[in-house]
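Please keep the sequence and the structure open while reading.

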Amino acid sequence: MSRPTVHLLDYVAGNIRSLVNAIEKCGYEVEWIKSPEDVKNAEKIILPGVGHFGHCLSSLESSGYLPAIRAHIEAGKPFFGICVGLQALFAGSEEAPHVSGLNLIPSSLKKFQPTDAEGKRKAVPCIGWNDAILNERQNAVRIPDKTYYGLSPTSKYYYVHSYFAPYVPGVLESQGWTVAVASYGGEEYIGAIGRDNVFATQFHPEKSGAAGLRVIQAFLDGAMWTDPVPPPILTTMPHDLTLSTLSKNNGLTHRVIACLDVRTNDSGDLVVTKGDQYDVREKTSSKGVRNMGKPVDMARKYYLQGADEVTFLNITSFRDCPVQDLPMLEILRLTSESVFVPLTIGGGIRDTVDPVTKQQYSALDIAKLYFSSGADKVSIGSDAVLAAEEYYANDSQLTGKTGIEAISAAYGRQAVVVSVDPKRVFVEDPTSTSHQTIKTNHPDPVTGHAYVYYACTIRGGRETRDLDVVQLVRAVEAMGAGEILLNSIDRDGQNQGYDLELIRWVKREVQIPVIASSGAGRPSHFAEVFKMTAVDAALGAGMFHRGEYTVSQVKDHLITEGLSVRPFEES
């Protein structure tokens, strides 16, 4: 017996595989819309999207899709817009002032300001888990004791965007729209919206775990109003679910990320591994490569424990040519079938030449390969350092030719993570070096020097460059990076906690989100970094792989410390 179908319109919008997997998990088949004529024959349509409002709407316009989409909606057929697919419903956006949207909602999108109402800094893009809460005064009275498309006030959903639709209480509701609201830095905005046959979410339901799958299922089944969702097993949501409570912590929960270093073992199989210190990540001993487990199984395990994201760092298999690394691509494909949170892949995202065919591949070509295999973000390491060096050699002028710039322009800056590998260099005083220094609370035990700068490294920490961490993060932010994965060579594998001085420094220097990495050995280290720095997320590896602690235990501890986390919900 054939399964029901839904039509998907893909205009090269990023990671579509995860959405396809989510739809199939909900019991539906995907049929691809390849021409405007296909829109006429479709019953249900989903328009997903990441990246630039102007690119999305211009692509749809030039391909002849916009009139067909309007006709589909006017005919009363179900339409679901995701992320930029929601933004397309509006008249326009500050992101592309001269590009028009569908104008179903006669207002425009704004860009998040870099400070909140109290003048405190907040990261842009907005990346993380946030709310989608119905305005009870306007919506709940319509159908008492029901929830709209499975949305729940005790659930969290994954957002990644720089532009938002401001929410003005009662305005859209008076026009027949049902609105669910989120808040970031005191600015209330539309997280989900619907009227009649139209439904859209600013968040990515396919990346929002069980809560997001529930939303997709409700749309596909045509279940606009459903029974209330039982509260999750674990929740830190306040009992008083008013919109005024959403602005705490800028509206986002504290993200806990599980990282898996992947490499080939002596048998040629890809395994998760972990060294005892940073510079042995690729070394083998007489006992062979340390095998911590199979990547797909471990990623699934961490997802079920409540990991907010999963990161794969492939540390050996990309040396010759990433496009030939079929096993890693298969790991991404298989992981995305059962892990419905964001996936990041790092290693080998660079311009390269196939050593066999001599064919050239750009960093954008490699990124496309990973996105099509299930990745949501790509992480760039050594090449980012080299690109930053060229940036400063060119008087801080962008060339448009770097991998960061190319991928960011095509998929949006939220798709590009830069992995930074700095190491401490002690100096006698600030005049001893041309690099920016700070006075550390942990002087060099040998020389007693209390001033330090952080030198950037490449090739897994094996080569130090004449570039400091401040120079690097400023450069890559200018190129279009959307997030910094901040490692620490001095802390990696030491289980003594994160380098708080480094994290505070980098957070002061950039506007984009920063992920703390290297040094986590117990749950209290996560609480410490969230309480003592303004970091946006924290990453753990060895403590999870060795079975010393679970992601769930980390989140339990964060709750006891009064910190907000995404609640666990059964898949």
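Where is Cys83 found? Cys83 is found in the loop between strand 4 and helix 5 (84-87), helices (H or I, at least four residues) and strands (E, at least two) being DSSP runs numbered from the N terminus. This is a predicted model, in which local features need pLDDT of at least 70 and side-chain atom pairs count only at pLDDT 80 or more, while totals for chains, interfaces and linings use all residues. Residues are numbered from 1 along each chain as its sequence is written, and side-chain values use heavy atoms, with hydrogens and water left out.

**Annotated positions**

UniProt lists Cys83 under "binding site" in an unreviewed entry, and the "binding site" annotation of the unreviewed entry also covers Gly348 and Asn487. UniProt positions are given in the numbering used here, with feature names shortened, and such annotations may be inferred rather than shown by experiment. Gly348 is placed in the loop between strand 19 (343-346) and strand 20 (352-353), and Asn487 in the loop between strand 28 (483-486) and helix 13 (500-509).

| Residue | Relative accessibility | Class |
|---|---|---|
| Cys83 | 2% | buried |
| Gly348 | 17% | buried |
| Asn487 | 7% | buried |
| Lys377 | 2% | buried |
| Phe80 | 0% | buried |

Leaving aside neighbours within four places in sequence, Cys83 is in contact (heavy atoms within 4.5 Å) with Gly49, Val160, Thr201, Gln202, Phe203 and His204. The side chain of Asn487 makes a polar contact of 3.0 Å with the side chain of Ser419; a polar contact is a pair of N or O atoms within 3.5 Å, where within protein one must be able to donate a hydrogen and the other to accept it, and residues adjacent in sequence count only if both atoms are side-chain atoms.

**Phe80 in strand 4**

Phe80 lies in strand 4 (residues 79-82). Its C-alpha atom is separated by 8.0 Å from that of Thr201, which is 121 residues apart along the chain. Not counting residues up to four places away in sequence, Phe80 touches several residues, including Ile45, Leu47, Phe199, Thr201 and Phe219.

**Strand 19 and its partners**

In strand 19, Leu343 and Ile345 point one way and Thr344 and Gly346 the other way, and all are buried. In a regular strand the side chains alternate between the two faces of the sheet. Strand 19 pairs in the parallel sense with strand 18 (residues 309-314) over four bridges, where two strands pair if DSSP finds at least two bridges between them; Thr344 is the bridge partner of Thr311. Strand 19 also pairs in the parallel sense with strand 22 (residues 377-380), over three bridges, and here Val378 is the bridge partner of Ile345.

Lys377 lies in strand 22, and a polar contact of 3.0 Å joins its side chain to that of Glu309. Among the residues that Lys377 touches are Leu343, Thr344, Ile345 and Glu483, residues up to four places away in sequence not being counted.

**Helix 12**

Helix 12 (residues 469-479) is mostly covered, with eight of its 11 residues buried, among them Val469, Leu472, Val476 and Glu477. Asp468 caps the N-terminal end of helix 12, a side-chain oxygen lying 3.0 Å from the backbone nitrogen of Val470, and just after helix 12 Gly480 takes a positive phi of about 120 degrees.

Methods
Buried < 20%, exposed > 50% of the residue type's maximum accessible area, 1.4 Å probe, protein only.
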